[in-house]
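Please read the following note with the sequence and the model side by side. The points are numbered so that each may be checked in turn.

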Amino acid sequence: MDARTMKAMRLEAVGSIALRQVDKPIPGADDLLVRIEACGVCGTDRHLFHGEFPCRPPVTPGHEFSGIIEAIGNAVSGFAVGDRVTGDPNIACGRCPHCHAGRVNLCRNLNAIGIHRDGGFAEYVVLPQKQAFILPTDLPPTHGAFCEPLGCCLHGVDLAEIRPGSSVIVLGGGVIGLLTVQLARLAGATTIILSTRQASRRALAEELGATATVDPTAGDVIDAVAGPAGLMPGGVDVVFECAGVRDTVEQSMRLARAGGTVVIVGVTPQGMRAEFEPFDLLFRELKVVGSFLNPYTHRRAAELIASGAIEIDRLISRQVPLEEAADVIANPPAPGEVKVLVVPGRP
Ligand code: NAP
Ligand code: ZN
């Protein structure tokens with residue numbers, strides 16, 4: 001194989017994704033060339049494939065990646081060839097009113113690696129040095145791929161202002177919910193309930209620190225949690241909506257105790273509407289906040305993952321080579337699956 005080319009999974013148009021041999025990218029002065037060790041498949045990749053999330057094909061998707069630096073631009077400092085790095089894919093412009101206000105996740109000109117420019121479903125990615133964070137070289141090479149989703153969960157947990165002894169419910173047991181359960185435990189919550197339909201995920205959540213789980217198909221979640229005979233009569237301090245469906249959004253307002261906080265992390269389809277009672281919001285002084293992306297949390301996510309404080313291995317359902325990435329992205333997740341990692345070079 002020509003050393004100037006590489007394999008990349010190209011989204012060529014909505015509904016069209018294929019493995020291609022492309023030019024190996026050349027890092028600019030401020031860039032690192034990173035050899036991908038692992039890149040996670042996220043629901044957003046599936047949305048890009050189906051045209052449900054704006055992007056500009058042709059592009060190489062993949063925004064949850066980490067790898068080893070193979071080359072550096074001549075203005076790079078603080079990184080060396082051979083370092084392991086994780087990339088924060090969300091590049092803010094630094095010049096718009098939101099960036100100037102420190103709200104970089106709301107940047108008007110957000111340029112995300114793996115969405116607007118080529119990402120990690122490839123052998124190599126170009127990573128601007130300001131988006132790169134060092135990981136230990138003795139870390140399992142798959143763990144760095146979890147920094148981006150963990151950074152998004154950290155933002156949600158920061159907004160929730162959990163205190164030692166807080167009670168929490170997480171709605172939705174995908175990777176975001178299961179990482180949020182772990183962060184809630186680290187933040188000092190002592191009651192951590194997870195609601196998700198699949199039994200295997202409820203069992204996993206209990207191993208990862210959930211103190212109780214609820215099957216939303218088995219009965220009324222509000223009764224089971226906030227009812228007089230529920231797990232937390234009157235409701236919980238903090239609700240994390242991590243499923244992105246109407247049912248859980250509507251439940252979330254009713255699961256919070258008076259004075260409680262609801263954090264909306266799940267991405268609902270645009271245009272979807274949910275019902276709530278404004279009187280209830282007022283009378284019980286609920287705080288409802290949206291949590292979008294990972295502003296200034298990637299470094300902490302990398303440090304948490306490097307510390308081993310987050311259980312990662314049990315969240316990895318499958319590792320597939322680049323050759324199989326298109327199939328994974330074009331199809332819905334298999335039952336029980338939590339995170340699929342694309343590992344270039346894996347046989
Ligand atoms: P995911 O794997 O799809 O997890 C969501 C899970 O919610 C589903 O797998 C499903 O698991 C569960 N669910 C569905 N209906 C439910 C119900 N009625 N009650 C309880 N659980 C229900 O996705 P993910 O990767 O964990 O991401 C979760 C959400 O966060 C997605 O909407 C994603 O787009 C969003 N997200 C947001 C950010 C951000 O910055 N805010 C970042 C990343 C992801 P069961 O089949 O077990 O019920
Ligand atoms: Zn900006």
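1. Ile-264 stands opposite Gly-290 in strand E15. The partner strands here are E14 (residues 256-264) and E15, which pair in the parallel sense over four bridges. Two strands are said to pair if DSSP finds at least two bridges between them. Helices (H or I, at least four residues) and strands (E, at least two) are DSSP runs, numbered from the N terminus.

2. The model is predicted, and local features need pLDDT of at least 70, side-chain atom pairs count only at pLDDT 80 or more, while totals for chains, interfaces and linings use all residues. Residues are numbered from 1 along each chain as its sequence is written, chains are lettered from A and ligands numbered from 1 in the order in which they are written, and side-chain values use heavy atoms, with hydrogens and water left out.

3. Which strands form the open sheet, and in what order? Six strands take part, in the order E12-E11-E10-E13-E14-E15, with parallel pairing. Strand E12 (212-214) and strand E15 (287-290) stand at the edges with a single partner strand each, so one side of each has no neighbour in the sheet. On average, neighbouring strands of this sheet are turned by 20° against each other, direction ignored. Axes are lines fitted to C-alpha atoms, for helices over the stretch in contact, and angles run from 0 to 180 degrees between N-to-C directions.

4. Two helices pack on this sheet. Helix H5 (residues 199-207) touches strand E11 (191-195) and E12, and its direction makes about 160° with that of E12. Helix H7 (residues 246-255) touches strand E10 (167-171), strand E13 (236-241), E14 and E15, and its direction makes about 150° with that of E14. Contact means heavy atoms within 4.5 Å.

5. Why is H7 described as largely enclosed? Seven of its 10 residues are buried, so the rest of the structure largely encloses H7. Buried means under 20% relative accessible area, exposed over 50%, and partly exposed in between (1.4 Å probe, protein chains only). The buried residues of H7 are Thr-248, Val-249, Glu-250, Gln-251, Ser-252, Met-253 and Leu-255. Their cover includes E10, helix H6 (221-226), E13, E14, H8 and E15.

6. Strand E10 is largely enclosed as well, because five of its five residues are buried. Ser-167, Ile-169 and Leu-171 lie on one side of E10 and Val-168 and Val-170 on the other. E10 pairs with E11 in the parallel sense over five bridges, and Val-170 stands opposite Leu-194 in E11. Val-170 is also among the contacts of Thr-180, together with Cys-153, Val-157, Phe-240 and Cys-242, when neighbours within four places in sequence are left aside. Thr-180 belongs to helix H4 (residues 175-186) and is buried, with a relative accessible area of 1%.

7. Most residues other than glycine have a negative phi, and most peptide bonds are trans. The peptide bond from Pro-57 to Pro-58 is cis, with omega near 0°; Pro-58 is in the loop between helix H1 (43-49) and strand E4 (65-72). Glu-161 has a positive phi, near 50°, and is placed in the loop between helix H3 (147-160) and E10. Leu-293 has a positive phi near 60°, in the loop between E15 and helix H9 (298-307), and is buried at a relative accessible area of 17%.

8. A salt bridge is a side-chain nitrogen of Lys or Arg within 4 Å of a carboxyl oxygen of Asp or Glu; the count comes to 15. Glu-323 and Lys-7 meet in one of them (2.8 Å, N to O). This pair links distant parts of the chain, 316 residues apart: Glu-323 is in the loop between strand E16 (316-320) and helix H10 (325-330), and Lys-7 is in strand E1 (residues 5-13). Arg-10 forms a salt bridge with Asp-118, the closest N and O atoms being 3.1 Å apart. Arg-10 lies in strand E1 and Asp-118 in the loop between strand E7 (111-112) and strand E8 (124-128), so the pair ties together parts 108 residues apart in sequence. Arg-10 is buried, with a relative accessible area of 15%, whereas Asp-118 is partly exposed, at 40%.
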